[in-house]
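I opened the notebook to record what I looked up in one protein model.

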Amino acid sequence: MTYENTYESTRTGTLDAPGATLHYQVRGAGPALLIGQSGEGDADRSVDLAARLADTYTVITYDRRGLSRSRLHDPSGGATLAEHADDAARVLAAVTPEPAAMLGCSLGAVIGLHLALRHPDRIHTLIAHEPVAPRLLPAAERTHHEHELAHLQRLYVRDGLAAALPEIARVLGIDTSGRDSEPGLTPQPINDLRRANFDYFIRHDFTAVLADTLDLPALTATPTRIIPAVGRTTPEGVFDRRCAYALADALSAEVVELPGGHNGNTSHPSGYAAHLRDLLAVPAQP
């Protein structure tokens with residue numbers, strides 16, 4: 001089967017938010033599914049996965065504020081994770097009046113957890129893939145990984161992206177070789193746009209993670225169904241994988257394994273889509 005990766009079948013929109021203008025994209029038809037991307041990923045980062053789900057779902061992706069086409073009124077400003085969650089709620093409200101499912105990957109998973117707390121009427125299910133949320137961990141472990149993230153941020157500011165990226169990959173357990181991936185992926189080179197997005201992500205969203213106020217006990221009371229998930233090849237012991245297990249322990253939930261590693265949604269879109277269908281119990285159309 002081939003998948004359409006052009007923008008001819010993609011509907012785009014913009015909406016105003018406090019301090020920003022947000023860009024979002026919509027593909028397909030059916031129950032709404034929001035993808036909250038990891039790291040510097042914008043609405044285009046999940047194009048291969050969206051193409052494999054658009055026959056069954058209304059797939060919604062967006063540029064987080066500060067990335068690509070989601071412009072800040074004050075370009076030097078950052079956002080808290082709670083503000084990012086409010087943005088996600090605005091995007092959902094612009095597309096559908098019904099509660100949606102959400103796939104949150106890495107930082108997107110943490111935003112999804114805040115969304116489940118602040119706007120539980122907007123998402124009925126959250127698949128939280130390896131949330132980058134040190135607050136989920138025991139105190140000593142949390143402090144260690146917060147220091148680790150702060151070091152990565154300082155390394156980037158001092159030595160630039162070429163020095164920081166390998167260390168970020170090591171800390172998160174990301175395989176950068178490209179050998180463990182499905183064939184035929186849309187090329188996503190590190191161009192000037194992605195460099196600018198990395199700059200915002202490391203300078204501002206790292207700070208948001210370090211200043212996070214996530215209320216773990218409150219998550220046990222949200223009506224949103226939360227499914228902790230990890231990548232099958234993410235190394236054991238890396239902190240993002242540990243965060244998923246800590247979340248599962250807090251919720252008395254099972255951890256689901258998904259294809260690939262930390263970025264399995266982009267490296268294994270076909271396998272990932274098949275697992276999402278099973279988790280969300282919506283069969284593919286013939």
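**Entry 1: the whole protein**

I noted before anything else that this is a predicted model. I then looked up the secondary structure and found 10 helices and nine strands. Next came the radius of gyration, which is 17 Å. The globule rule gives 19 Å for 286 residues, and the two values are close, so I wrote down that the protein is as compact as a globular protein of that length. Along the principal axes, the C-alpha trace spans about 50 × 45 × 40 Å.

I also looked up how much of the chain is covered. Of the 286 residues, 56% are buried. The accessible surface comes to about 12,100 Å², and carbon and sulfur atoms hold 53% of that surface. For contacts with a separation of 6 or more, I found that 75% join residues 24 or more positions apart.

**Entry 2: the cavity**

How many cavities of 30 Å³ or more does the structure hold? I found one. The space in this largest cavity is about 60 Å³. Its lining has 10 residues, and Q25, R27, A43, V47 and T61 lie nearest the centre. I checked which elements supply at least two lining residues each, and they are β2 (20–27), α1 (47–53) and β4 (58–62). By class, the lining has five nonpolar, three polar and two charged residues.

**Entry 3: the largest pocket**

I turned to the pockets next. The largest has a volume of about 980 Å³. I counted on the record of its lining for the rest: 44 residues line this pocket, with R45, I174, D175, N263 and T266 nearest its centre. Helices α4 (139–159), α5 (161–172), α6 (192–210) and α9 (264–267) are the elements that give two or more residues to the lining. The classes in the pocket lining are 19 nonpolar, 18 polar and seven charged residues.

**Entry 4: two residues with positive phi**

I looked up backbone angles and picked out two residues. S68 is not a glycine, yet its phi is positive, at about 50°. I located S68 in the loop between β4 and β5 (71–72). Is S68 buried or exposed? Its relative accessibility is 7%, so S68 counts as buried, the cut-off being under 20%.

E130 is another residue other than glycine with a positive phi, here near 45°. I found E130 in the loop between β7 (123–129) and α4. The relative accessibility of E130 is 0%, and therefore E130 counts as buried.

**Entry 5: L49**

L49 sits in α1, one of the elements that supply the cavity lining. At 0% relative accessibility, L49 counts as buried. Which residues is L49 in contact with, leaving aside its neighbours within four places in sequence? I listed I35, L103, N265, P269, Y272, A273 and L276. I also looked up the separation between L49 and Y156, which are 107 residues apart along the chain. Their C-alpha atoms are separated by 30 Å.

Methods. Residues are numbered from 1 along each chain as its sequence is written. This is a predicted model: local features need pLDDT of at least 70, side-chain atom pairs count only at pLDDT 80 or more; totals for chains, interfaces and linings use all residues. Side-chain values use heavy atoms; hydrogens and water are left out. On a 1 Å grid over the protein atoms alone, a cavity is a set of points where a 1.4 Å probe fits but cannot get out, and a pocket is an open set with protein on both sides within 12 Å along at least five of seven lines; lining residues have an atom within 4 Å of a point. Grid points are joined across faces, edges and corners, and a volume is the space filled by probe spheres set on the points. Helices (H or I, at least four residues) and strands (E, at least two) are DSSP runs, numbered from the N terminus. Ala, Val, Leu, Ile, Met, Phe, Trp, Tyr, Cys and Pro count as nonpolar, Asp, Glu, Lys and Arg as charged, and the others, Gly among them, as polar. The radius of gyration is taken over C-alpha atoms; the globule rule is 2.2 Å times the number of residues to the power 0.38. Buried means under 20% relative accessible area, exposed over 50%, partly exposed in between (1.4 Å probe, protein chains only). Contact means heavy atoms within 4.5 Å. Accessible areas come from the Shrake-Rupley method with a 1.4 Å probe; for residues, only the protein chains shown count as cover.
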